[in-house]
Amino acid sequence: MNILQALFFPPEQPGGVSSMVPYIQDRFTKLGWQMELFSLPKRVRGKGQEDIVFETFDVTEFAGNPIVDKYLQTFRDYIWWTRLRNKGSYDIIHAHHPIAALVMKQLYPDTPVMMTIHSSYERELILNGKIAENGPEHQFLTKLYGELEVKLDRLLTVSESFRAYISPYIKDADQIKVIPNGFDEKRFKPIAHENAVPQLITVCRLVPAKGLDVLLHACAELKRNGHPFVLHIIGDGPIREELEQLAVELDLYDDIIFYGYMLHPEEFMPFFDIFVLPSRAEAFGSVFAEAALCWLALVGTNVGGIAEQIEDGVNGLLVPPEDPVALAGALEKLVSDPIYRYNIARSGWDKAKKVYSLQRVISQLKKVYLSYKTEV
């Protein structure tokens, strides 16, 4: 079979699906399948001119909205770039972004197109203070779920919680198949080590949705309670300066290291002890599985896909979002008890190896692809 994986971000883009799909391609290629990757380069902006028509709603009611207009221009650019650069013929197209999916179905109407919905752009924008809940941008972006359901041949997503999240916006959520993300175990190499001071690490884009302000307040509480630690923050984003200032205000300047963007943080993570990320929302939270495979103890919030990965007190600790005191308490349990920390990390590693292996994803996707070929 010849399959096109249609991304939005280029494969070299860090994080999530963009970094996972090339490993999927590699595994399928070794099985003798043909698989190509396609994405829209960042340099392609303002090229597309085609009108866009949606079947399930009237897009003209959103005309003049800057965020919607930018989204629609990106849609047109993806059409322009695909027409220009993609001349292939495929048995199946597997898209990983709404724009990629809808464009591919428009340009390849006779080819089965499926999509994995990996995250909620509208939820991210709300949490990051960019749009208002139930505002026009929110309405437009959630209407796209119904458009995808009508136009595409199959929908998949990465967690049960995210399937529940999109169910109000579509007609039949039961038809959406859940395939959690998977990770190539060879990328992760736990390293035996002993740190005199517990080393905490978080890896994320520095935006409000990730809850790093809550983490800093929790760390201040941890410090007040007399527990030494070092927090390593890997990632960059629009609120970095704000977080650095908050660290100074909370007297954490000597306890935190801001590294900025790092291409392969999994090479760095095994030297630490605890992974913590108090996200306000997360469709899956790939970095938790990656940290578990590095044999780190996990601390996360009881939201979305994080709560599906972590069983509280078994393979990690869960706390409510927006609760720095509870987060500090969870961190204190791990910081103050190395044996407990080791056991939690070991359980997390065991689950990640069994449940989130890339081989499991390959097996499930192979069944989906082959069954679809049978159907058509």
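Modeller: Let's start with a definition: two strands pair if DSSP finds at least two bridges between them. Strands themselves are DSSP runs of E, at least two residues, and helices are runs of H or I, at least four, numbered from the N terminus. This is a predicted model, where local features need pLDDT of at least 70, side-chain atom pairs count only at pLDDT 80 or more, and totals for chains, interfaces and linings use all residues. Residues are numbered from 1 along each chain as its sequence is written, and side-chain values use heavy atoms, leaving out hydrogens and water.

Biologist: What makes strand 1 and strand 3 a pair?

Modeller: Four bridges join strand 1 (residues 2-6) to strand 3 (residues 92-95), and the definition asks for at least two, so they pair, running parallel. In that pair, A6 stands opposite A95 in strand 3.

Biologist: How do you know that helix 3 packs on the sheet?

Modeller: Contact means heavy atoms within 4.5 Å, and helix 3 (residues 98-107) touches strand 1, strand 2, strand 3 and strand 4 (113-117).

Biologist: And why are strand 9 and strand 12 called edges?

Modeller: They belong to an open sheet of six strands, order 9-8-7-10-11-12, with parallel pairing. Strand 9 (256-260) and strand 12 (317-319) each have a single partner strand, so one side of each lacks a neighbour in the sheet.

Biologist: What makes strand 8 a partner of strand 9?

Modeller: Again, four bridges join strand 8 (residues 230-234) to strand 9, and the two run parallel. There, H232 stands opposite I257 in strand 9.

Definitions and conventions: Axes are lines fitted to C-alpha atoms, for helices over the stretch in contact, and angles run from 0 to 180 degrees between N-to-C directions.
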